[in-house]
Amino acid sequence: MKYYLLFGPPGAGKGTHATVLAQRYNLKHISTGALLRAEIAAGTPLGKQAEALIADGRLVPDEVVVAMIENAFDTIKDVDGFLLDGFPRTIPQAEALDSLLQRRGEKLTGVISLMIPDEEIYRRIQGRALVDGRADDADEEIISHRIQTYHTQTEPLILYYRNRGLYHEIKGYPGSIEDVRKRVIAVVDTI
Ligand code: AMP
């Protein structure tokens, strides 16, 4: 099995490029953000726990998302691998993923990182708010909290994966979606 991570700040285009990558390499795309939004929509206890944190632009507890990923690995079988989007977002999540994979005799294939400048994050997320209707996309203060969370808690993962020789960075800006898609595929084809 292949295990890819799609990494990058909010609004970098992870969701957009995940669909194409999943099809091309027969991977199951797993977005922890999308899974959490489904829990909220279904009104589950987990959804209720996550709702206030997400609405505030903060991260949900590591053990919650790690359990979601473990459950996906246990239950999804008919694919060549996984494309994790928005996970891991902290060093403890990355360590949990490492031990999860180790226990299964597997290892990470590569980290595909999409990079865009902070000003572009605002512009894209505000545009997406009009299309997707996500509450956490609609408020400038929440967006700025998410960017801050990304820089403090998630960015250290770049070094974590770079040190392991797994990190592949792609410019998510400038360029059209099609331009970026070509860059992403050119990189993933070499991994
Ligand atoms: P996303 O759809 O990836 O932008 O995620 C939306 C929100 O869900 C984030 O702002 C977090 O509050 C929460 N979330 C998603 N993935 C994770 C994760 N791996 N760890 C903690 N919180 C997460």
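Helices (H or I, at least four residues) and strands (E, at least two) are DSSP runs, numbered from the N terminus. The model is predicted, so local features need pLDDT of at least 70 and side-chain atom pairs count only at pLDDT 80 or more, while totals for chains, interfaces and linings use all residues. Residues are numbered from 1 along each chain as its sequence is written, and side-chain values use heavy atoms, with hydrogens and water left out.

**Exercise 1.** Work out which pattern the protein chain follows along the sequence.

*Solution.* Begin with the elements, which are nine helices and five strands. Read along the sequence, they give β-α-β-α-α-α-β-α-β-α-α-α-β-α.

**Exercise 2.** Determine how the rings of Tyr3 and Phe73 are arranged, and which parts of the chain they tie together.

*Solution.* Rings of Phe, Tyr and Trp (its six-membered ring) pair if their centres lie within 6.5 Å, and planes under 30 degrees apart count as stacked, over 60 as edge-to-face and the rest as tilted. A search of the whole structure finds seven aromatic pairs. For Tyr3 and Phe73 the ring centres are 5.2 Å apart and the planes stand at 80°, so this pair is edge-to-face. Next, Tyr3 lies in strand β1 (residues 2-7) and Phe73 in helix α4 (residues 62-75), so the pair ties together parts 70 residues apart in sequence. Finally, ring pairs link Tyr3, Phe73 and Phe82 into a cluster.

**Exercise 3.** Decide whether Tyr3 and Phe73 are buried or exposed.

*Solution.* Buried means under 20% relative accessible area, exposed over 50%, and partly exposed in between (1.4 Å probe, protein chains only). Tyr3, at 4% relative accessibility, counts as buried, and Phe73, at 3%, counts as buried.
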